[in-house]
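Have the sequence and the model open as you read.

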Amino acid sequence: MTITINDKEITSPQSWNDLSLQQQLSCYAIIMSHSGFILEAQEIVPAKRILLVQVLLGLDEDFMKRWRKDCKLAYEEEGDIIFYAELEELLNTSDFLFDIIEPEEEGEPKTFQIKLGLTKCPWPQLVRNKKHGKKKFYLAPEDGLANISFYELCTTFTHFENFLESKEEIHIDELLATLYRPHKPKTKENKRRGYQGDRRQPLLHHEAMVKKRIPHMAILPKSTKQLLTFWFASCRQAIIEEHSELFSAPSRKEANTFGWGGVLMALAGKLQDIDAIAAQSADNALTYLTYLEAQRKELEKKTN
């Protein structure tokens with residue numbers, strides 16, 4: 001979307017994924033500063049949205065001052081009124097950053113909740129400086145967690161849910177240490193097979209290496225960890241929405257009594273099948289679980 005302000009044409013982004021890394025960091029910091037996930041106060045929301053518009057459209061303080069001055073020159077006493085009216089018209093360019101909830105009662109303000117819409121990984125790789133100038137590279141999964149295994153989904157969902165429950169940052173460090181892993185050996189066989197769809201070293205049977213990476217994730221800048229947590233939360237939400245019938249199903253809730261490990265066990269059926277199921281892509285496993293849930297519903301209809 002192109003916007004014209006004082007003869008200056010500006011292209012407005014349309015999603016979290018369209019933003020540059022610096023814009024993502026800035027927008028997240030503005031929204032989350034002293035507000036939590038939900039914004040309700042009538043004065044806080046407009047003020048933050050003005051700051052967000054400046055970030056999204058690249059309007060620095062000098063431009064804002066010139067814009068306001070031009071309005072005063074053109075409209076004299078009504079210049080400030082016109083300036084703020086024009087500025088207010090731009091606020092909807094930040095709508096994509098939020099889930100906007102309409103009030104239940106007339107006269108009540110809208111509620112703005114940060115939209116979990118960042119599925120493009122902000123940092124496809126992390127670099128750790130080692131001794132003698134050597135570097136260690138840790139790779140992220142594909143955008144949207146598209147190439148993770150079912151075992152990795154169970155493990156990372158568990159870490160994230162533990163964080164939501166306890167608010168202890170160690171769970172985020174464990175989450176990132178699980179997601180970010182070194183490159184597989186660049187052998188001819190691995191290259192020929194396209195690294196089996198994932199350049200990262202496997203998680204299954206290499207869990208001990210996760211513990212060794214935790215200290216390196218713990219020292220990441222706070223803003224980096226926050227944005228990566230937001231990215232994972234967005235990917236997780238997209239997966240849940242894609243398989244909404246499964247995640248809201250009674251069978252899913254019952255299985256979760258034993259955590260995600262219980263879901264894995266239930267899907268494997270027999271103990272000796274766990275490795276085979278764990279290595280399946282998360283999408284394949286969730287699709288199969290959705291199929292089983294559809295069968296359950298169909299059987300329930302016939303028996304009622």
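Start with helix α6 (residues 170-179) and helix α9 (residues 222-242), which pack at an angle of about 70° with their axes 11 Å apart. That makes α6 roughly perpendicular to α9, a label for angles of 65 to 115 degrees. On the α6 side, I172, D173, L175, L176 and L179 make the contact, and they meet K225, L228, T229, W231 and F232 of α9; contact here means heavy atoms within 4.5 Å. By class, that's seven nonpolar, one polar and two charged residues.

This is a predicted model, where local features need pLDDT of at least 70 and side-chain atom pairs count only at pLDDT 80 or more, while totals for chains, interfaces and linings use all residues. Residues are numbered from 1 along each chain as its sequence is written, and side-chain values use heavy atoms, leaving out hydrogens and water.

Next, the loop between α7 (188-192) and α8 (207-218) holds Q196, and H205 lies in the loop between α7 and α8 too. Each has a positive phi though neither is glycine. In the table, exposed means over 50% relative accessible area, buried under 20%, and partly exposed in between (1.4 Å probe, protein chains only).

| Residue | Phi | Relative accessible area |
|---|---|---|
| Q196 | near 55° | 37%, partly exposed |
| H205 | near 70° | 57%, exposed |

Definitions and conventions. Axes are lines fitted to C-alpha atoms, for helices over the stretch in contact, and angles run from 0 to 180 degrees between N-to-C directions. Helices (H or I, at least four residues) and strands (E, at least two) are DSSP runs, numbered from the N terminus. Angles under 35 degrees count as roughly parallel, over 145 as roughly antiparallel, 65 to 115 as roughly perpendicular and the rest as oblique. Ala, Val, Leu, Ile, Met, Phe, Trp, Tyr, Cys and Pro count as nonpolar, Asp, Glu, Lys and Arg as charged, and the others, Gly among them, as polar.
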